[in-house]
Amino acid sequence: MRLTNFIILFTIQQGINDYASHEFYVSTTSVDFVLDKNEIQITSQFFVDDLENLIKFLTPNTSLIFEKAYREDNDIFLRDFIHKNFKLSINKKEKEVKYLGYELKDDLLVVYYETKFLNSEIINIEVFNSFLINFIESQKNIVHIKFKNLKKSFLLNSVNKTLQYSFEK
């Protein structure tokens, strides 16, 4: 009887660990203006388990997980995830974002994407970022903007998913 109880408790604990949580739910996104290339290079970092839990929730029978080896399914999921949850506008004109790829760094998933801009005078930027907000209520998304010598950081959440910033002339 004691062995049976132990096995049952062990099995329940293993099931709970499959959806292990951590204390903070946060992503970071860096928006870097590379003026000499007319590019905006964007990098987002997520906890791998948060994205895998989202995938399991959306498609319970999936075997999609992030591993060191390249998987086309991961690229397809991430490309859609970025396009649905991240929008960038320069001077009130939305820019098309191009997904470049991802890499794993320990328990972080780092996603790379970019867009082009004309080398005209940049007056303002608007960023919409809803990464994981509809899935994790306490999710916070930090956005760093680097433009020339300026570095600004913004905290977005379920109430405030958009930042707007005007650069000085």
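Reply: The following account begins with the chain and then turns to the sheet.

This is a predicted model, in which local features need pLDDT of at least 70 and side-chain atom pairs count only at pLDDT 80 or more, whereas totals for chains, interfaces and linings use all residues. Residues are numbered from 1 along each chain as its sequence is written, and side-chain values use heavy atoms, with hydrogens and water left out.

The chain contains three helices and 10 strands; helices (H or I, at least four residues) and strands (E, at least two) are DSSP runs, numbered from the N terminus. Starting at the N terminus, the order of elements is α-β-β-α-α-β-β-β-β-β-β-β-β.

Six of the strands make up an open sheet in the order β5-β6-β2-β1-β8-β9, and their pairing is mixed. Two strands count as paired if DSSP finds at least two bridges between them. The edges are held by β5 (98–105) and β9 (150–156); each has a single partner strand, so one side of each is left without a neighbour in the sheet. From one strand to the next, the twist averages 15°. At one end of this order, β5 and β6 run antiparallel and are joined by seven bridges. Y102 stands opposite V111 in β6.

Two helices lie across strands of this sheet. Helix α2 (residues 48–58) lies across β2 (39–47), β5 and β6, and runs at about 80° to β2. Helix α3 (residues 72–85) also lies across β2, β5 and β6, running at about 120° to β5. Axes here are lines fitted to C-alpha atoms, for helices over the stretch in contact (heavy atoms within 4.5 Å), and angles run from 0 to 180 degrees between N-to-C directions.

The structure holds 13 aromatic pairs: rings of Phe, Tyr and Trp (its six-membered ring) pair if their centres lie within 6.5 Å, and planes under 30 degrees apart count as stacked, over 60 as edge-to-face and the rest as tilted. One of these pairs, F33 with F117, is edge-to-face, with 5.8 Å from centre to centre and 70° between the planes. F33 and F117 are both buried, that is, under 20% relative accessible area (1.4 Å probe, protein chains only). Ring pairs link F33 and F117 with F147, F154, Y165 and F167 into a cluster.

Methods. Buried < 20%, exposed > 50% of the residue type's maximum accessible area, 1.4 Å probe, protein only.
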